[in-house]
Structures are given as C-alpha cells and as structure tokens.
Amino acid sequence: MRALRAAHLHDAPRPELLQLACQRVCAWGAPFTSVYAYMLQDGELVLEAFTGRTTEHVRIPVGVGVCGTAIATGQDQLVPDVTAVGNYLACNVDTRAELVVLIRRGATILGQLDVDSDVPDGFTPAHHAAVKRVADALAVLL
Ligand code: SME
C-alpha cells in the first residue's frame, strides 16, 4: 500500500497504479500465481493490467464467469475449486482456485482484482483480507 500511495503522490497514471497493485499481490508468492485488474468500462469488465499468465479474456460481460458474477451480485467471489463452477472462464489449465475482490468507492463498483492460484483451495480469509486492503487502496487512489 505504501508503494501505491508513493506512486500516487508522484502522479502515476491509472495504468501504472493498476500494474503496481497486480505486481505487489503477485510478489507475495504462493498461493498467488497471477493477478488481473479488470475495470468496468461502459458496463463491461476490461483487462487494464495484469501480472503472471496471459489471458484471452480481455473483456468480460457483467454476469459472465466468476469475474462477471462478482459484478452482477456485488459480492467478492472465493472459488476453492474452479472445476466445480459451471460458469468459470478458464484461461489456462493450471489454475485451481480463484479469488475476485471488488474495487469499491462507496456504493460504486469501479472494477476488481482477480487472483488465480495453482493451489486447490489455496485462498484463506487472510489472503482475501490482504487483497481487499489493496483493492480498497486503489479505490481511493484511482
Ligand atoms: N476465470 C475468470 C476469467 C478471468 S481469467 O481467469 C484471468 C472468470 O471465470 O471470470
């Protein structure tokens, strides 16, 4: 968070702040393997930054996939086993668990941090809380 605030103080543009947030979370290491910042643009999620594996899902409609479900329901999504979820959008074969944390400013949802893990059931409530701190920092700084 300190790095995000420092970047903000230096007038870092939005893509840089989002990239930094992805890098910081990914740098925590396992269970985090890839981190994606999907932001709402005209009612659709758009991939604006990521660290880790590439994905073909650069735009995701609201309600589609785990990411789109988070927006449609207004709830963070913690999926311990992605193979058990019917509407999961796969971007590689190694991902086992997924955590989506909304970036909220008051009542407004700006987007989300989508985190993948190769570890089945890899995310704990502490991981969720840690990613939420980054998402909450972004909500203020963006
Ligand atoms: N798995 C997500 C799509 C995003 S890619 O995994 C980066 C989903 O089901 O919405």
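Which cavity is the space taken by the ligand? I put this at the top of the page and began there. The space taken by the ligand turns out to be the largest cavity. I note that the model is a predicted one.

**Entry 1: the cavity**

I looked up how many cavities of 30 Å³ or more the structure holds, and there is one. The space in the largest cavity comes to about 120 Å³.

Next I listed the lining. There are 14 residues lining the largest cavity, and those nearest its centre are His57, Cys67, Leu89, Glu98 and Asp114. Strand 1, helix 3 and strand 6 are the elements that give two or more residues to this lining. Helix 3 gives the most, with three residues. I sorted the lining by class and got eight nonpolar, three polar and three charged residues.

**Entry 2: the shell around the ligand**

I then turned to the ligand itself. It is surrounded by 13 residues, and the closest are Val66, Cys67, Tyr88, Leu89 and Glu98. At least two residues of the shell come from each of strand 1 (34-41), helix 3 (65-73) and strand 6 (108-117). Helix 3 again heads my list, as it gives the most to the shell, with three residues. By class, I have eight nonpolar, two polar and three charged residues in the shell.

**Entry 3: polar atoms at the ligand**

Which backbone atoms lie at the oxygen and nitrogen atoms of the ligand? I found a backbone N or O atom of valine 66 at 3.0 Å from an oxygen atom of the ligand. A polar backbone atom of cysteine 67 is 2.8 Å from an oxygen atom of the ligand. For leucine 89, a polar backbone atom is 2.8 Å from a nitrogen atom of the ligand. I also looked up the cover: of the 300 Å² of accessible area that the ligand has on its own, the protein covers 100%.

**Entry 4: the backbone**

Last, I went through the backbone angles. Most residues other than glycine have a negative phi, and most peptide bonds are trans.

Aspartate 11 is not a glycine, yet its phi is positive, at about 60°. I located aspartate 11 in the loop between helix 1 (2-9) and helix 2.

The peptide bond that joins alanine 30 and proline 31 is cis, with omega at about 5°. I found proline 31 in the loop between helix 2 (14-27) and strand 1.

Terms used. Residues are numbered from 1 along each chain as its sequence is written. This is a predicted model: local features need pLDDT of at least 70, side-chain atom pairs count only at pLDDT 80 or more; totals for chains, interfaces and linings use all residues. Side-chain values use heavy atoms; hydrogens and water are left out. A residue is near a molecule or strand if one of its heavy atoms lies within 4 Å of it. A polar contact is a pair of N or O atoms within 3.5 Å; within protein, one must be able to donate a hydrogen and the other to accept it, and residues adjacent in sequence count only if both atoms are side-chain atoms. Accessible areas come from the Shrake-Rupley method with a 1.4 Å probe; for residues, only the protein chains shown count as cover. On a 1 Å grid over the protein atoms alone, a cavity is a set of points where a 1.4 Å probe fits but cannot get out, and a pocket is an open set with protein on both sides within 12 Å along at least five of seven lines; lining residues have an atom within 4 Å of a point. A molecule sits in a cavity or pocket if more than half of its atoms lie within 2 Å of its grid points. Helices (H or I, at least four residues) and strands (E, at least two) are DSSP runs, numbered from the N terminus. Ala, Val, Leu, Ile, Met, Phe, Trp, Tyr, Cys and Pro count as nonpolar, Asp, Glu, Lys and Arg as charged, and the others, Gly among them, as polar. Grid points are joined across faces, edges and corners, and a volume is the space filled by probe spheres set on the points.
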